[in-house]
Amino acid sequence: MITIFSNDHEGGERRLGQLMSVAKGIVIYHQGVEARYWYEVVSGTVRTCRFMGDGHRQLTGFFYPGDVFGVDRGNHREAAEAVTGVVLRRFPAGSPEQLERDGADGNILERALESARERIFLFGHRTAANRVAAFLIAIADRSGARSGLQIPMTRGDIADYLNLTLHTVSRTISEFARDRLIALDGPQNVRILDFERLRILAGDAGEEGPISSLDSFREWA
């Protein structure tokens, strides 16, 4: 279910964006439809995915509070879906200059490109262990936490995003737990036990500060 909240002042949607809530699992927009709006995440988690001619799905990004998505010209190149219940702020589509004039917050293109940078970073890693480690480091750096990390997407989502199989992701996570790099505190929580070893495995030794735009997740299903 999608609920649109009306604005109480004239022109409010264009200046400040229009709030909308989207229930878990609901499609926000479909691949190939006209891009009438772009969106900012207020709360919750959104995923974007591209469907191939053979029905295969490629998950292309996760978006968290403060992230923007759907900044396309013409038609949307991907579909967007709510991983959790989300609250979004939507803005009418337009040029970056127009968006800034209409009251959009921050550098729109810079924020929209953050997910692409994340995928470039992850795919720069050759092995499954490298990618999963980088993914977990990304969680910790974005959330500012190293314990009790909540995972909103399934392992299948993570496998699609990292271009790995579900079996490989599950096996790698289990190996990390056996090696005491992480602990699995139930099906929805991950605790990092050896942050430096995990960072080295991710190929990020010696770096300071955040390395990605991913936020916290849960539900390893």
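**A sheet and a strand beyond it**

Guide: Helix α6, residues 155–162, lies across β5 and β6 and runs at about 100° to β6 (axes are lines fitted to C-alpha atoms, for helices over the stretch in contact, with angles from 0 to 180 degrees between N-to-C directions; contact means heavy atoms within 4.5 Å). This is a predicted model, in which local features need pLDDT of at least 70 and side-chain atom pairs count only at pLDDT 80 or more, while totals for chains, interfaces and linings use all residues. Residues are numbered from 1 along each chain as its sequence is written, and side-chain values use heavy atoms, with hydrogens and water left out.

The protein chain holds 8 helices and 12 strands (DSSP runs numbered from the N terminus, helices being H or I with at least four residues and strands E with at least two). Both β5 and β6 belong to an open sheet of 4 strands, ordered β3-β8-β5-β6 with antiparallel pairing (two strands pair if DSSP finds at least two bridges between them). The edges are taken by β3 (27–29) and β6 (57–63), and because each has a single partner strand, one side of each is left without a neighbour in the sheet. Neighbouring strands here are turned by 30° against each other on average, direction ignored. Within the sheet, β5 (residues 46–51) meets β8 (residues 79–82) in the antiparallel sense over 4 bridges, and Arg47 stands opposite Glu81 of β8.

Turning to β4, which spans residues 37–43, we find that 5 of its 7 residues are buried, so this strand is largely enclosed by the rest of the structure (buried means under 20% relative accessible area, exposed over 50%, partly exposed in between, with a 1.4 Å probe and protein chains only). Strand β9, residues 86–92, pairs with β4 in the antiparallel sense over 6 bridges, with Leu88 of β9 as the bridge partner of Val41. Strand β7, residues 68–69, is also joined to β4, running antiparallel to it through 2 bridges, and there Phe69 is the bridge partner of Tyr39.

Val42, also in β4, is partly exposed, with a relative accessible area of 36%. For the protein chain as a whole, 45% of the 221 residues count as buried, and residues 24 or more positions apart account for 71% of the contacts with a separation of 6 or more.
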